[in-house]
Amino acid sequence: MACASGHCVDGRCCKLGCDTECLTCNASAGYSQCALIPLGEAHAACTDAQLCDGLGHCKSAEGQPCAAPEECLSGVCDAGVCAAIE
């Protein structure tokens, strides 16, 4: 698809490239702009063990290894494993 902006994202012409993790091109109100992928959804930029955090970043899913809480989708790293929020 040829887009005037030069950015074809998710099959839509978008104002920007949306080329960072956990962003997609959202066609809202007839004008396509980059939008955050919701919390807990997968994205091609993330590994199989990661999901989007709703803020534009890939985070490790529950049960995956971690060294710090900020690596985990839940924000909880317990004994080196991402844990659920209690």
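Accessible areas come from the Shrake-Rupley method with a 1.4 Å probe. On that basis, the accessible surface of the protein chain is about 5300 Å². Carbon and sulfur atoms account for 53% of that surface. The structure is a predicted model.

The protein chain has eight strands and zero helices. Along the sequence, the pattern reads β-β-β-β-β-β-β-β. The radius of gyration of the protein chain is 15 Å, well over the 12 Å that the globule rule gives for 86 residues, so the chain is more spread out than a compact globule. Along the principal axes, the C-alpha atoms fill a box of roughly 50 × 20 × 15 Å. Of the 86 residues, 27% count as buried. Among contacts in the protein chain with a separation of 6 or more, 8% involve residues 24 or more positions apart.

Four disulfides are present in the structure. One of them joins Cys22 to Cys52, with an S to S distance of 2.2 Å. Cys22 lies in the loop between strand S2 (12-13) and strand S3 (23-28), and Cys52 lies in strand S5 (residues 50-52), so this pair ties together parts that are 30 residues apart in sequence. The torsion about the S-S bond of Cys22 and Cys52 is about -90°, so the disulfide is left-handed. Cys22 and Cys52 are both buried.

A disulfide is also formed by Cys46 and Cys58, whose sulfur atoms are 2.0 Å apart. This pair links distant parts of the chain. Cys46 sits in the loop between strand S4 (31-36) and S5, while Cys58 belongs to strand S6 (residues 58-60), twelve residues apart. The disulfide of Cys46 and Cys58 is left-handed, because the torsion about its S-S bond is about -85°. Cys46 has a relative accessible area of 9% and is buried. Cys58 has a relative accessibility of 11%. Buried means under 20% relative accessible area, so Cys58 also counts as buried.

Cys72 and Cys82 are joined by a disulfide as well, at 2.1 Å from S to S. Here too, the pair links distant parts of the chain, ten residues apart. Cys72 is found in the loop between S6 and strand S7 (77-78). Cys82 is part of strand S8 (residues 81-82). With a torsion of about -80° about the S-S bond of Cys72 and Cys82, the disulfide is left-handed. Both Cys72 and Cys82 are buried.

Definitions and conventions:
Residues numbered from 1 in each chain as written. Predicted model: local features only at pLDDT ≥ 70, side-chain atom pairs only at ≥ 80, totals over all residues. Heavy atoms only, no water. Disulfide = S-S within 2.5 Å. Helix = DSSP H or I, 4+ residues; strand = E, 2+ residues; numbered from the N terminus. Buried < 20%, exposed > 50% of the residue type's maximum accessible area, 1.4 Å probe, protein only. Rg over C-alpha atoms; globule rule 2.2 N^0.38 Å. Contact = heavy atoms within 4.5 Å.
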